[in-house]
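Please read them with the coordinates open.

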Amino acid sequence: MRRFVPALLLSFAALASPAFAATPPDAATAAATSIGPLGAQLNGTATPNGHATNVRFQYGTTTKYGKATPAQAIGQGATAVPVAAAIAGLKSNTRYHYRIVATSSAGTTRGADKSFKTTKPTTTLTFTPNPPTFSRPFTVSGQLVGTGAGGATVTLLGRPFPYTAAFLKIGNSVVSNADGTYSFAFTAAQSTMQLEVKATTTPAFTSSIATLNVASLISLHVHTHVRKGHLLRFAGSVLPAQDGLIVKIQKRDRAGVFRTVAHTTLGHSSAARSTYSRRLRIKRTGTYQTVVVSNGGQVAPGTSNAVSIRVSG
């Protein structure tokens, strides 16, 4: 038995040598993505190197970090595994440091420090209806996203087409709700215009410019019953006045799409109103509408109400 002891000792020594030592995981921090006013996505890769490995991200406003994402198990393979974690509840317009940390029974590896800066607070304007119709009520609303979004003072500014004037305050400022939502109500749309919002968030910001397109108001007056082959008069008015523009008379086809069947021209009625009139010979029952083809500028094209016309005989 004594002659086998050296061989056993040699075997144990080999296992304990550096060539057979357990290898800690590899970890590499990657650039953050989906950066917004309150959050971001942290990214990186980790290689388990043969041992069950958990990965997390450490992050904070300094290289002391202070916070960490929940651990993610990435197995025990020998190839790099991409890892991502979304973080929220951040402060707007603030720089954050982060790194990936991979841990297994063989040890812990920390990736290099990287940083990103959250964006300033923001908002997107919504128009209801969209587009609003000339002389009709509409609302401008939105939601502030960012630090201090709740209870911020929100001011709406605008300038009418052709957008050469300075932005001026429209109506009274409002205070956003706890979730950052806000709304401005108006009794009558008057002109296509550019709008922007200022808000006293942290930090305060001015939104990007949004264009409010106002549609022409066009009416359609026509009898809803006619004998087959008889002439029927299509008439109406358009606000604001747009003398000389084309009005299309359209009929809905079987697929539900309105197709132009005739057209006419807007005539002068007053400084505020244009009118149109056109007679058509109607052969089949159908649904009709009229469209004023605005040339842009102060108002956009407008569509009348749809009218069903029944043909008999």
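1. The radius of gyration used here is taken over C-alpha atoms, and the globule rule it is compared with is 2.2 Å times the number of residues to the power 0.38. For 313 residues a compact globule would come out near 20 Å, but this chain has 34 Å. The C-alpha trace spans about 125 × 50 × 30 Å along its principal axes. Note that this is a predicted model.

2. On secondary structure, the chain contains 1 helix and 28 strands. Of the contacts between residues at least 6 apart in sequence, 64% join residues at least 24 apart. Buried residues account for 39% of the 313 residues.

3. How many aromatic pairs does the structure hold? There are 6 aromatic pairs. One of them joins Phe138 and Phe186, with 5.1 Å from centre to centre and 20° between the planes, and this pair is stacked. Phe138 belongs to strand S11 (residues 138-143) and Phe186 to strand S15 (residues 181-186), so the pair ties together parts that are 48 residues apart in sequence. Phe138 is buried, at a relative accessible area of 8%.

4. Is the pair of Tyr182 and Phe184 stacked or edge-to-face? The ring centres of Tyr182 and Phe184 are 6.1 Å apart and the planes stand at 70°, so the pair is edge-to-face; the cut-off for that class is over 60 degrees. Tyr182 is buried at 5% relative accessibility, and Phe184 is buried at 5% as well. Elsewhere, Tyr96, Tyr98 and Phe116 form one aromatic cluster.

5. Val154 deserves a look alongside the previous point. This residue sits in strand S12 (residues 153-160) and is buried, with 0% relative accessibility. Beyond its neighbours within four places in sequence, Val154 is in contact with Leu144, Ser173, Val174, Ser176, Tyr182, Phe184, Val197 and Lys198. The list therefore includes both Tyr182 and Phe184, the two residues of the edge-to-face pair. The C-alpha atoms of Val154 and Asn172 are separated by 9.1 Å, the two residues being 18 residues apart along the chain.

6. Two loop residues can be set side by side. Ser304, in the loop between strand S27 (302-303) and strand S28 (307-312), is buried, with a relative accessible area of 8%. Leaving out neighbours within four places in sequence, Ser304 is in contact with Ile218, Ser219, Leu220, Gln289 and Thr290. Ala22, in the loop between helix H1 (5-15) and strand S1 (26-33), is partly exposed, with a relative accessible area of 48%. Not counting residues up to four places away in sequence, Ala22 touches His51 and Ala106. The C-alpha atoms of Ala22 and Asn54, 32 residues apart along the chain, are separated by 16 Å.

7. Most residues other than glycine have a negative phi, and most peptide bonds are trans. The peptide bond from Phe161 to Pro162 is cis, with omega near 15°, and Pro162 lies in the loop between S12 and strand S13 (168-169). Thr202 and Pro203 are also joined by a cis peptide bond, with omega about 0°; Pro203 lies in the loop between strand S16 (193-199) and strand S17 (205-206).

8. Positive phi values come next. Tyr65 is buried, with a relative accessible area of 10%. Tyr163 also has a positive phi, near 65°. At 22% relative accessibility, Tyr163 counts as partly exposed, because buried means under 20%.

Conventions: Residues numbered from 1 in each chain as written. Predicted model: local features only at pLDDT ≥ 70, side-chain atom pairs only at ≥ 80, totals over all residues. Heavy atoms only, no water. Phe/Tyr/Trp six-rings, centres within 6.5 Å; stacked < 30°, edge-to-face > 60°. Helix = DSSP H or I, 4+ residues; strand = E, 2+ residues; numbered from the N terminus. Buried < 20%, exposed > 50% of the residue type's maximum accessible area, 1.4 Å probe, protein only. Contact = heavy atoms within 4.5 Å.
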